[in-house]
Amino acid sequence: MINSYRELFSNNKKWVEETTNQNPDFFKNLAAGQSPQFLWIGCSDSRVPANEITGTMPGDIFVHRNIANMVIHTDISMLSVLDYAVNVLQVKHIIVCGHYGCGGVNTAMGNKQVGLIDNWLRHIKDVYRLHQTELNAIEDPAKRSNRLVELNVQEQVHDLTKTSIVQNAWANGKPLQVHGLVYDIANGILKDLDITVEDTHEIEGVYKLETVDV
Ligand code: CO
């Protein structure tokens, strides 16, 4: 656990030395450009760092993180990341990664006012409402929270497929898969929810967009 601000820089120096010792061209190669295959949409939680938990390196994953790994279609930051990842970087996989014990999800399950963030968490309450019959039947609050974490990931995967960015990529024959994952902070295990979507079949009618020529 780091408490000192200065330590960030001594650590950085150490990391540069170690990395360069292992591969003298490491930074030279990265400076030439990036061509990651993955876009990661994860939670801002400090315990869920995309690279570390997947054993990947700088250059491997394009990352967007926000509270509770949400895909809000009015979020210009998320949309810009998605557009750039799909249309410029041409990633093959989009990963939505939730995590058990998510503070955002737990807060959204309750009724306490927290402040401005309540507006963000409202989107999770909407997911709860969609699945309230299943969720209300789970008595153990921890288990109910875990299930909402999974359902929230599932909903964000579907929300990605509703975007024109993803639908146009598929219409143009791009190989693009959208995956839903959950990370368990308590044991470090990353679980595939097996809800991968790779075409428009699962998109509900009203969300299907006709292709436009640009
Ligand atoms: Co979280």
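Predicted model: local features only at pLDDT ≥ 70, side-chain atom pairs only at ≥ 80, totals over all residues.

Student: Is His99 buried or exposed?

Tutor: His99 counts as buried, at 1% relative accessibility.

Student: What is the order of the strands in the sheet?

Tutor: The order is S2-S1-S3-S4-S5, in an open sheet of five strands with mixed pairing. Strands S2 (61-66) and S5 (190-192) stand at the edges; each has a single partner strand, so one side of each is left without a neighbour in the sheet. From one strand to the next, the twist averages 25 degrees.

Student: In which sense do S1 and S2 pair?

Tutor: Strand S1 (residues 38-43) pairs with S2 in the parallel sense, over six bridges. Within this pairing, Phe38 stands opposite Ile61 in S2.

Student: How is a pair of aromatic rings described?

Tutor: One gives the distance of the centres and the angle of the planes. Here the count comes to four aromatic pairs. In one of them, Phe26 and Phe27 have ring centres 5.1 Å apart and planes at 85 degrees, so the pair is edge-to-face. Phe26 is buried, with a relative accessible area of 10%, whereas Phe27 counts as partly exposed at 30%. Together with Trp15, Phe26 and Phe27 form one aromatic cluster.

Student: What are the distance and angle for the pair of Phe62 and Tyr84?

Tutor: That pair is tilted, with 5.7 Å from centre to centre and 35 degrees between the planes. Phe62 lies in strand S2 and Tyr84 in helix H4 (residues 76-88), so the pair ties together parts that are 22 residues apart in sequence. Phe62 is buried, with a relative accessible area of 17%, while Tyr84 counts as partly exposed at 38% relative accessibility.

Student: Which residue lies over the face of Tyr207?

Tutor: Lys162 takes that position, at 4.3 Å from the ring centre.

How values were computed:
Residues numbered from 1 in each chain as written. Heavy atoms only, no water. Pairing = 2+ DSSP bridges. Helix = DSSP H or I, 4+ residues; strand = E, 2+ residues; numbered from the N terminus. Axes fitted to C-alpha atoms, helices over the stretch in contact; angles between N-to-C directions. Phe/Tyr/Trp six-rings, centres within 6.5 Å; stacked < 30°, edge-to-face > 60°. Buried < 20%, exposed > 50% of the residue type's maximum accessible area, 1.4 Å probe, protein only. Lys NZ or Arg CZ within 6 Å of the ring centre and 35° of its normal.
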